[in-house]
Amino acid sequence: FIPVAERFGIASRLDRWIIRTALSQHGPAMKSGAITLGFNLSAQTLSDPLLWDFVDAVIAETGAPHSGIGFEITETAAVTNFDAAEQFVRKARERQCRVSLDDFGAGMSSFEYLRRFPVDQIKIDGSFIENIAQSRFDREIVSAITGIAKSLGCAVVAEKIEEQAALDILRDMGVAYGQGFLLHRPEPLKAIVARASAEAPRKRFG
């Protein structure tokens, strides 16, 4: 439904609803340090010059900490207002929010986005990860992206880790973070928040 929302110009309204709902429901858990939340932003949303005013207002209402919020820019999306997008990213970083460049390497704009947006994390597209144990080409691409990211001071996340062999290769390359079915299966956010909130006191005082 996301392509449909973008086609009819309502992706920004949808993203705003998600941000407000998530921070309203889980602000206390975020404030306690139990969880952090990341939001994928559509290009339409990112191109909205009034986006940060909205986010600032919701944070003030909910008490969610800036440091517990991350924004992911989908690299394959076409940003239509680079100035507005760049301003949003800079404001987010100034307020200690995390900013990630998602699906890196999947589209033609990867390095242009990296040059324009001061992100602090790069997520390597899963198409380069899923066959990394068998493909020398994919290993070279991932190694090159990792080297560039580290030289820029960016953390690196590998997407779509589904095999132990892939995880071992990525560790040897110095990739510090990963996501994929091998590490954790998707589950409802409420279940994650409940478990994390229950574990947080033990981590703090145990």
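Here are some questions and answers about a predicted model.

User: Which residues of α2 meet α4?
Analyst: On the α4 side, the contact takes in L51, F54, V55, V58, I59, E61 and T62. Their partners in α2 are R16, I19, R20, L23 and S24.

User: How many residues in that contact of α2 with α4 are nonpolar?
Analyst: The contact residues divide into three kinds. Two are polar and three are charged, while the nonpolar ones number seven.

User: Now for another pair. What word describes the way α7 and α8 lie to each other?
Analyst: The axes of α7 (residues 136–151) and α8 (residues 164–173) come within 10 Å. They cross at roughly 40°, and roughly parallel would need an angle under 35 degrees, while roughly perpendicular would need 65 to 115. The two helices are therefore oblique.

User: Is the crossing of α7 and α8 left-handed or right-handed?
Analyst: The residues that meet here are R139, V142, S143, T146 and K150 in α7, with I169, L170 and M173 in α8. They divide into two polar, two charged and four nonpolar. As for the crossing itself, α7 passes α8 in a way that is right-handed.

User: Let's turn to the rings. Which residues form one aromatic cluster?
Analyst: The structure holds eight aromatic pairs. One aromatic cluster is made up of F39, W52, F71 and F88.

User: Which residue lies over the face of F181?
Analyst: For an Arg, a charge sits over a ring if CZ is within 6 Å of the ring centre and within 35 degrees of the ring normal. Here the distance to the ring centre of F181 is 4.0 Å. The residue lying over that face is R185.

User: Where is S67 found, and which residues does S67 touch?
Analyst: S67 is found in the loop between α4 and β2, a strand spanning 69–74. Leaving out residues up to four places away in sequence, S67 touches Q96 and R98.

User: How many Å apart in space are S67 and F137?
Analyst: Along the sequence, S67 and F137 are 70 residues apart. In space, taken from C-alpha to C-alpha, their separation is 36 Å.

Technical notes. Residues are numbered from 1 along each chain as its sequence is written. This is a predicted model: local features need pLDDT of at least 70, side-chain atom pairs count only at pLDDT 80 or more; totals for chains, interfaces and linings use all residues. Side-chain values use heavy atoms; hydrogens and water are left out. Axes are lines fitted to C-alpha atoms, for helices over the stretch in contact, and angles run from 0 to 180 degrees between N-to-C directions. Helices (H or I, at least four residues) and strands (E, at least two) are DSSP runs, numbered from the N terminus. Angles under 35 degrees count as roughly parallel, over 145 as roughly antiparallel, 65 to 115 as roughly perpendicular and the rest as oblique. A crossing is left-handed if the near helix is turned anticlockwise from the far one by less than a right angle, and right-handed if clockwise. Contact means heavy atoms within 4.5 Å. Ala, Val, Leu, Ile, Met, Phe, Trp, Tyr, Cys and Pro count as nonpolar, Asp, Glu, Lys and Arg as charged, and the others, Gly among them, as polar. Rings of Phe, Tyr and Trp (its six-membered ring) pair if their centres lie within 6.5 Å; planes under 30 degrees apart count as stacked, over 60 as edge-to-face and the rest as tilted.
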